[in-house]
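Visitor: I am new to this structure. Please show me how to read it, feature by feature.
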Amino acid sequence: MTDNEGQFDAIVVGSGITGGFAAKELTEAGLKVLMIERGRKIEHQVDYETETKAPWEMEFRGEGDTALYERDYAVQMLNRHFTEFTQNHFVNDAEQPYQKAPGKDFDWFRSYQLGGRSLTWGRQCYRWSDYDFGANKRDGVGTDWPIRYAELAPWYDRVEEFVGVSGAREGLAQLPDGHFLPPMELNVVEQAVRERIRAKYPERVLTIGRTANLTEARPEQGRAHCQYRSICARGCSYGAYFSTQSASLPAAQKTGRLTVVTDAQVHRLSYDPATRRVTAVHWIDTRTGEHKRAHSRIVFLNAGSFNSVHVLLNSRSEAMPNGLANSSGVLGTHIMDHASTLAAKAIMPGFEDRTTFGNRPTGVVIPRFKNMETLDGDGFTRGYSYQGGAMQSTWTQGKRMGGIGAEYKDKLHQVGPWSMVLVAFADSMPRASNRLTLSKKLDPRGVPQLEIAFEHGAEEHAALADAKKEAAAMLTHAGGKVIMGFDRPNHGGTAIHEMGGARMGWDPQTSVLNRWNQAHDAANLFVTDGAQMSSSACQNPSLTYLALTARACDAAVSMLKEGRI
Amino acid sequence: MSAAGQGWNRREFVGAASLLALALGVPAAAIRLTDLDAQDAPTERQRSLMTRVADLVIPRTDTPGAADVGAGDFVILALAHGLSETRAPMAAANVTAALAPFRRHNGSLRYLAWLENALDRSASGDFLRHPRERQAEILAALDEAAFAKEAPFSPWNAIKGLILTGYYTSEAGGSKELNYELVPGKWEWNIPLTPEMRAFSSDWTAVDFG
């Protein structure tokens, strides 16, 4: 694919949540698209190898081989979604190394495969509000977003209609409603907690998680409704949750205008300073080691937040010695990841004669209630919200119980007591000191590794301290007995919401992308994954990446048609 | 990971537990101990001991017990591969005079050797030669001490946890003693819970966090 001049209108780098969607939008708009994925091919319904396996069909019963994990998956094994059932959907850390800046931690959870992390994501879909898009301007940290909610709202509509998001309308300014499929019900304990919290704190709303799992079948997309297994990350042959495989890829393929290359690690873009355009995308065939390249009129970079920044940093040239699209010098800076921790866990008495059936693939959410109309946070200026839920225990409770023999065994087959957890997610402040750089160390294919320097700051600690206090107060008020709670953030990266590094802004001197996700320095280059983010909000970011991707695709196609790029 | 040619790890065998399970018509999980490094390979006595100990924790009732499903062998496999952090170096504060002799060079504990020694010591001789009732008394005392409030670190907690894993993730433990439903197909948010209802081994949230 070295002399493909004229073959492709667009190249999309990456096939995850945003890459897959960009491929769909661009092909549906009539463009011929090449989508390049660094990982292996995974075919929907065919390659979900562990999907229907029972624990007794797995060598390590689903828990996995710790010795293997410590050797080859030393980072990925820290992810609670990483199990023997899902290990084939995460990277081998030994093959995909990265560097952490001295004295700093960052657990980088990655899925390099067709579909990327769309196969393993948490599926939570939340709109941002103007509290979020206005955050940087309000407290003066970071650069002002060049867009506001009203501009993005129609694109959220478009994305939700395609993705299929189930949820309940609540009329909240801080968490705008969307186009929802019917919500999954709160369970009996969560319903009671919702009412009890509302009675004391009228502005605090516990609602069902808004999740990209279908509560109604979509035959036109070949997708069945959720089967309530809650084993999504193994892959879902029902197509019940949104992934590249279940939704975007079939739509793009249906146009007949999509070409997909897998096992292809894009490491560099070449740039012509005379035309100020990206002229080629270069990759390494990871099976043969062969170097290849392709050309196109426009390039969408959707390699996955830090990896998109990595490609740009590694695309240094005489014209752009600090990296492509980095005349501002801010490329790689202001990276973020939500500060999160288990704010409270409580035993919930009073429901001993109630239970549930089925595994609901989402929890509950309590949206932000601090720093809204007034800045009432103690030591923090932004938001935090909770995700969690009420659950009953099963046999694993026996690991904490004394006893042996028939009586003990009989106790363990009973449905265990109810508990409820609230996990806090706090805004991550955009700081210049949290940044990505190129390491001098090379990966096994000879590409400089990415080095991550990240730490949470005083604001995040203050927000989580407040979150712990408020979570305990709410659950106690709701009749719970709080048995644990934490206020120190987990390592950076553990929210798996890493973002920023190629931020959007008004000013080419202080930002990488303009309001259309177009690089200030290269008119035919668009970055629409998490790298674009100028602030983090405290809600899960993927839906916002998707809305911005849809909007950027529309803008790029218009620019192309009008001959402007 | 195993060195070729080492006697034990090249010896194929079908465990007694597996034979018994077959006799009962309960498909046993395929637990392969044959790939273990020589230093991790259990003695036959350790296998018998672990099988018995697992069965004392989860005996056969109206459903199969831990010995029927090979839970003892699973524990041995799990300990060799470091599940439940059993191959991590011990925290300094946990290293007592009683445990120190069982540490490996890297500071991790040889759980199986410790258990064998602890039970034989409590039995004032060969634990396995006592009648089952006496074995249960000895193990119950060990368990009680380990799970008492403010109890110091005991290797027993991890071993017992792995016995439970071995049992409840076996086919009989997961789908006969408990319910197993891979495809529930629906979500019911509030139904009556009656004493005869059994928990679901396929309630993954409960397994992980409950």
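Guide: Start with domains: their bounds come from an automatic or database domain assignment. Here, domain 1 of chain A covers 1-164 + 242-338 + 430-455 + 497-565, and domain 2 of chain A covers 168-240 + 342-426 + 457-491. Taken over C-alpha atoms, the centres of domain 1 and domain 2 of chain A are 29 Å apart. The model is predicted: local features need pLDDT of at least 70, side-chain atom pairs count only at pLDDT 80 or more, and totals for chains, interfaces and linings use all residues. Residues are numbered from 1 along each chain as its sequence is written, while chains are lettered from A and ligands numbered from 1 in the order in which they are written.

Visitor: How many residues does each domain of chain A give to the contact between domain 1 and domain 2?

Guide: Two residues are in contact if their C-beta atoms, placed from the backbone, lie within 7 Å. By that rule, domain 1 of chain A gives 38 residues and domain 2 of chain A gives 36 residues.

Visitor: Which elements give two or more residues to the domain 1 side?

Guide: Elements are DSSP runs, numbered from the N terminus: helices are H or I with at least four residues, strands are E with at least two. On the domain 1 side they are α4 (135-139), α5 (149-163) and α7 (244-254) of chain A. α5(A) gives the most, with six residues.

Visitor: What kinds of residue make up that side?

Guide: Ala, Val, Leu, Ile, Met, Phe, Trp, Tyr, Cys and Pro count as nonpolar, Asp, Glu, Lys and Arg as charged, and the others, Gly among them, as polar. The domain 1 side divides into 15 nonpolar, 12 polar and 11 charged residues.

Visitor: Which residues of α7(A) are buried?

Guide: A residue is buried if 20 or more other C-beta atoms lie within 10 Å of its own, exposed if 12 or fewer, and partly exposed in between; C-beta atoms are placed from the backbone. In α7(A), the buried ones are A:T244, A:Q245, A:S246, A:A247, A:S248, A:L249 and A:A252. Their cover includes α1 (17-28), α5 and β7 (258-261) of chain A. Just after α7(A), A:G256 has a positive phi of about 75 degrees.

Visitor: Why is A:G235 classed as buried?

Guide: A:G235 is buried because 28 other C-beta atoms lie within 10 Å. A:G235 sits in the loop between β6 (207-208) and α7 of chain A. Not counting residues up to four places away in sequence, A:G235 touches A:Y48, A:E51 and A:L119.

Visitor: Which residues touch the most other members of the largest nonpolar core?

Guide: A nonpolar core is a set of buried Ala, Val, Leu, Ile, Met, Phe, Trp, Tyr and Cys residues joined through C-beta atoms within 7 Å. The largest has 143 residues, and A:I11, A:V13, A:V33, A:V299 and A:A424 touch the most other members. Helix α11 (residues 542-561) of chain A gives the most to this core, with nine residues. Domain 1 and domain 2 of chain A each supply at least three residues. Apart from this core lies another, of 50 residues, among them A:V415, B:A54, B:L115 and B:A118.

Visitor: Now strands. In which order do β8, β9 and β10 of chain A form their sheet?

Guide: Two strands pair if DSSP finds at least two bridges between them. The order is β8-β9-β10 (chain A), in an open, antiparallel sheet. β8 (264-272) and β10 (291-294) of chain A are the edge strands, each pairing on one side only. Strand β9 (residues 277-285) of chain A joins β10(A) over four bridges. A:V281 has A:A294 as its bridge partner in β10(A).

Visitor: How many residues of strand β21 of chain A are buried?

Guide: Five of the six residues of β21 (residues 522-527) are buried. Strand β11 (residues 298-301) of chain A runs parallel to β21(A), joined by three bridges. There, A:F300 stands opposite A:F526. Strand β20 (residues 518-519) of chain A pairs with β21(A) in the antiparallel sense over two bridges. β20(A) and β21(A) form a hairpin with two residues between them.

Visitor: Last, how many residues does each chain give to the contact between chain A and chain B?

Guide: Chain A gives 51 residues, and chain B gives 51 residues. On the chain A side, β13(A) has the largest share, four residues. That side divides into 18 nonpolar, 23 polar and 10 charged residues. β13(A) pairs with strand β1 (residues 188-192) of chain B in the antiparallel sense, over three bridges. In β1(B), B:P192 is the bridge partner of A:R354.
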